[in-house]
Amino acid sequence: MELKIWLIYLLAVIGLSLTPGPNSLLVLAHGALHGRARTLWTIGGGAVGFVALIGLSMLGIGALLQSSAHALTVMKWVGGAYLVWLGIQLWRAPPMQLEALPSAMGERAVTGGRLFRQGLLAAISNPKVLLFYGAFLPQFIVPGRDLWLQFVVMAGTFAAVECLVEFGLASLAHRIRPWLQRTGRKFNRSCGALFGLMGAALPMTH
């Protein structure tokens with residue numbers, strides 16, 4: 001990928017990683033219950049799930065590019081519209097529910113493998129995530145260049161940023177959860193505005 005495109009992608013990924021989602025909530029809960037060190041298993045499982053979903057999205061994108069030279073342009077505009085729609089939904093969403101989990105969950109011996117599986121399932125169990133990647137990734141694909149090399153760069157960048165952000169959430173779980181409860185609606189609206197801006201601007205960046 002060209003450095004300019006990668007930097008835009010990096011900024012977009014950082015913004016996306018800060019938006020609320022099932023994995024973020026799971027990491028917050030595990031960070032509060034088990035500490036940041038053990039929550040690394042949860043974070044690792046989520047990263048593997050995200051990379052797998054990005055790979056599946058790239059398979060579909062590659063198939064479309066082989067069938068039509070204009071498919072990427074269409075995908076960018078349709079994907080941009082979908083991101084705007086997601087932004088509107090997030091703007092309207094109620095604050096995240098971050099009630100403390102039952103104490104029994106924290107008292108049971110939880111293995112690293114179990115935490116890893118929970119992170120993995122949280123990442124791959126939502127079919128909307130696959131649709132989201134199908135809308136987001138085409139905005140940064142450069143036609144004529146190796147699609148799978150671009151996949152490695154994009155998936156690696158996304159996984160690295162997601163892991164760093166989630167590790168920060170796990171480390172500050174006790175402080176962040178009350179803050180999100182107090183400012184949840186404003187936070188959702190800020191994230192929704194980010195989605196809307198990306199959806200409107202990204203299709204026109206190339």
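Which residues have the most contacts inside the largest nonpolar core? I put this to a predicted model, and I found that the core has 34 residues, with Tyr9, Ile54, Met58, Phe132, Tyr133, Phe136 and Leu137 having the most contacts inside it.

I then looked up which elements supply this core, and I noted that H1, helix H3 (36-67), helix H4 (71-92), helix H7 (127-136) and helix H8 (147-171) each give two or more residues to it. H8 gives the most, with seven residues. Apart from this core lies another one, of seven residues, and I listed Val27, Leu28, Ile43 and Leu169 among them.

Next I followed methionine 58, which, once its neighbours within four places in sequence are set aside, is in contact with Leu137, Ile141, Leu147, Trp148, Gln150, Phe151 and Met154.

I turned to methionine 1, which lies in the segment before helix H1 (3-17). Not counting residues up to four places away in sequence, methionine 1 touches Trp6, Tyr9, Phe140, Arg145, Gln150, Val153 and Met154.

Last, I examined helix H6 (residues 112-124), whose 13 residues reach 19 Å from the first C-alpha to the last, close to the 18 Å expected at 1.5 Å a residue. Its buried residues are Gly112, Leu115, Gly119, Ala122 and Ala123. They cover an arc of only 100° around the axis, so they sit on the same side of H6.

Key:
Residues are numbered from 1 along each chain as its sequence is written. This is a predicted model: local features need pLDDT of at least 70, side-chain atom pairs count only at pLDDT 80 or more; totals for chains, interfaces and linings use all residues. Side-chain values use heavy atoms; hydrogens and water are left out. Helices (H or I, at least four residues) and strands (E, at least two) are DSSP runs, numbered from the N terminus. The expected span of a helix is 1.5 Å times one less than its number of residues. Buried means under 20% relative accessible area, exposed over 50%, partly exposed in between (1.4 Å probe, protein chains only). The arc is that of the directions from the helix axis to the C-beta atoms. Contact means heavy atoms within 4.5 Å. A nonpolar core is a set of buried Ala, Val, Leu, Ile, Met, Phe, Trp, Tyr and Cys residues joined through side-chain atoms within 4.5 Å.
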